[in-house]
Amino acid sequence: MTILSCNILLVGVDAARREDFSALLSQRGFQVTCALNGKQAFEGFETHLPDLLLVPAMLPDMSAGQLCQRLRLNAATRGIPVVVITEAPDPELERMVLEQGADACFCSQADPAFLMFRICALLREHEEDLLPRGEAAFRQPCVAIVTAPGGLLWSWSGEGRDVPPVLPDLLRRHGEIVTLMNDPEDFNLADWPVGHSRPDCLVVDLGCPSFDGLAFARTVVAMRRRARQCMRVLGMVESGQVSGQMASMAFSAGVDDLVDSDITPALLVARVGSLVRRKMLQDETRREEAHIESARARMALADALRRVNADLAAANRKLIEAQAKLVQSAKMASLGELAAGIAHEFNNPLAFVLAHENTVNRSISRALNAVREGDSLTAEQALAKSSERLAASLVGLSRMRDLVVSLRRFSRLEEGEFSRLDVPEAIAMVLTLLAPKLGQEILVVRKLEAPPDLFCQAALVNQVVMNIVSNAADAIMEKWREDEVYARHASGVDRIEITSSLEPATTHNGQDYVIRISDTGPGVPKDLQERVFEPFFTTKPVGSGTGLGLATAYGVVQAHDGSIVVTDARENGGACFTLRVPYRAEEERRTNAA
């Protein structure tokens, strides 16, 4: 908004003066609208708010003071400046309307240029102004007076007597905090004393012989722009010097109000109070706007955070689903590699049951014939033999049942969900599936000293432990193939050791659940120990491995905020894989599960 684009509302002005004021203001570029009385003006506020009101001291339906009071009661109209038109110079009437909330008074007999000065000063924008951080919601108004011995303000008393400055005491009695400055060079907003509020209004002696008041006012304007603090400036000139030319010079210098030395004390206090009130009113308006903008920014930030959290939750769900699918694919690949051994495990008990079927049938037939012939001894012997064969068959069938149960539990898809897991039982299931691959030549030793229950994903054991143990068995057998002499004499020597324990955590407060799997194979070369967890990296011959086993294991452990490393086994040679995941109390498990 520029001054020339402002809308000025004439309220309750008689027809003759309305035409004069409209012509004067329109000539200067203002947009002018009119309202016959205060009621009509307030009704118009519902559709459009003016930038300034020009009103007579007495409207047809209310006084100017009543109109100002009603304006100041509403937040939307509180900041609209009001200029009151008086018929003749009347200091007491001017003081009264200023104290009732008006911003300026103008005598209709005065120079119209001074009216334009007051209007333009009230509409002057201070877009660079910012409220000081941490400023209290309420504080006393502050006024600084710049004068020196020999100046107008130094000797002014309102009655022409040559006495020390009385304006500071006069303002203090009305509640302002007053600072008297004898040297304009000491005035610096940037270095204003810590703990003291910067002035809201600066009263400058424009008739002091010790300094150039208008030049100082220009300096103040530059200071307040740099400090981003806008105070109002009131200038005092010699009696009779308030003219249109002086008003134009003062406005250009940044002065907001101009008085002469003949002004009465009460009116001067009222003029200062009007400037201070308007400045503090605009501060309050900016403070409310800043609070509103801050609230909007917080709401926008909260909405953005909610959206980000929702996106992260969705991405996390997708990652968990992708991890579960990858784990499932790796498990199916593992089962594919174990298919021959598992088929052998099924075939042996199945052939055993089928072989005993004919024996049991023959024994039962012989027992029936013996019963018919009355040979009880032969019948008992035949039935006893059938019972032995059936018991042997039951052992084979139980073995098949356990293997099927293990396969079903191993192949379930809920690998991405955290739940309570019996670690020894899960390791036993994995070893059951790996039994055909391990055979009788590889000894598996278990030393599970950690608590059996662990809150984790089932894939931590079903997939990670199985991949590592399976790789260890492959490594041992590869060593046998490379050293046939060793293989012929190594029966029962090679082994895989699985241990569990609770150890102090290295990355957080509490304990880690640690599972170590070591073997007596050839080990992992140091230059490859960092690469074994890379996807599709494998040391097995072409067609013998997918390179996903340890990569999947690494992802599963990372999902537990844990770690997995491979080192050289200390005692038996070979490789040692160490899995670490946080171990939490039961209450904390439930919280994490939620």
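Biologist: What makes the sulfur of Cys-6 too far from the closest cysteine sulfur for a bond?

Modeller: In this predicted model, the cysteine sulfur closest to that of Cys-6 belongs to Cys-120 and lies 8.7 Å away; because a disulfide requires two cysteine sulfur atoms within 2.5 Å, the pair is too far apart for a bond. Cys-107 is likewise in no disulfide, with the nearest cysteine sulfur, that of Cys-105, 9.9 Å away, and the structure as a whole holds zero disulfides.

Biologist: How do you know whether Cys-6 and Cys-107 are buried or exposed?

Modeller: The cut-off for buried is under 20% relative accessible area, and Cys-6 comes to 0% while Cys-107 comes to 14%, so both residues count as buried.

Biologist: Why is the contact of Arg-278 with Asp-103 called a salt bridge?

Modeller: The closest N and O atoms of Arg-278 and Asp-103 are 3.9 Å apart, and because the limit is 4 Å, the pair qualifies as a salt bridge. Arg-278 lies in helix α10 (residues 265-373) and Asp-103 in the loop between α4 and β5, so the bridge ties together parts that are 175 residues apart in sequence. Both partners are buried, Arg-278 with a relative accessible area of 7% and Asp-103 with one of 5%.

Biologist: What makes the pair of Asp-257 and Arg-118 a link between distant parts of the chain?

Modeller: The side chains of Asp-257 and Arg-118 meet in a salt bridge at 3.3 Å, N to O; Asp-257 stands in strand β10 (residues 257-260) and Arg-118 in helix α5 (residues 112-123), which places them 139 residues apart. Against the cut-off of under 20%, both side chains are buried, with relative accessible areas of 1% for Asp-257 and 3% for Arg-118.

Biologist: What makes the pair of Phe-211 and Phe-216 edge-to-face?

Modeller: Six aromatic pairs are counted. In the pair formed by Phe-211 and Phe-216, the planes are 65 degrees apart and the centres 6.3 Å apart; because the limits are 6.5 Å for pairing and over 60 degrees for edge-to-face, this pair is edge-to-face. Both Phe-211 and Phe-216 are buried, and in another place ring pairs link Phe-114, Phe-117 and Phe-251 into a cluster.

Biologist: How do you know what span is expected for helix α13?

Modeller: Helix α13 (residues 459-482) has 24 residues, for which 34 Å is expected at 1.5 Å a residue, and its reach from first to last C-alpha is 33 Å, close to that expectation. The helix is also mostly covered, with 18 of its 24 residues buried.

Biologist: Why is strand β13 said to be largely enclosed by the rest of the structure?

Modeller: Four of the five residues of β13 (residues 453-457) are buried, so the strand is largely enclosed. Strand β11 (residues 418-422) runs antiparallel to β13 and is joined to it by five bridges, with Asp-422 opposite Asp-453.

Technical notes: Residues are numbered from 1 along each chain as its sequence is written. This is a predicted model: local features need pLDDT of at least 70, side-chain atom pairs count only at pLDDT 80 or more; totals for chains, interfaces and linings use all residues. Side-chain values use heavy atoms; hydrogens and water are left out. Helices (H or I, at least four residues) and strands (E, at least two) are DSSP runs, numbered from the N terminus. Buried means under 20% relative accessible area, exposed over 50%, partly exposed in between (1.4 Å probe, protein chains only). The expected span of a helix is 1.5 Å times one less than its number of residues. Rings of Phe, Tyr and Trp (its six-membered ring) pair if their centres lie within 6.5 Å; planes under 30 degrees apart count as stacked, over 60 as edge-to-face and the rest as tilted. Two strands pair if DSSP finds at least two bridges between them.
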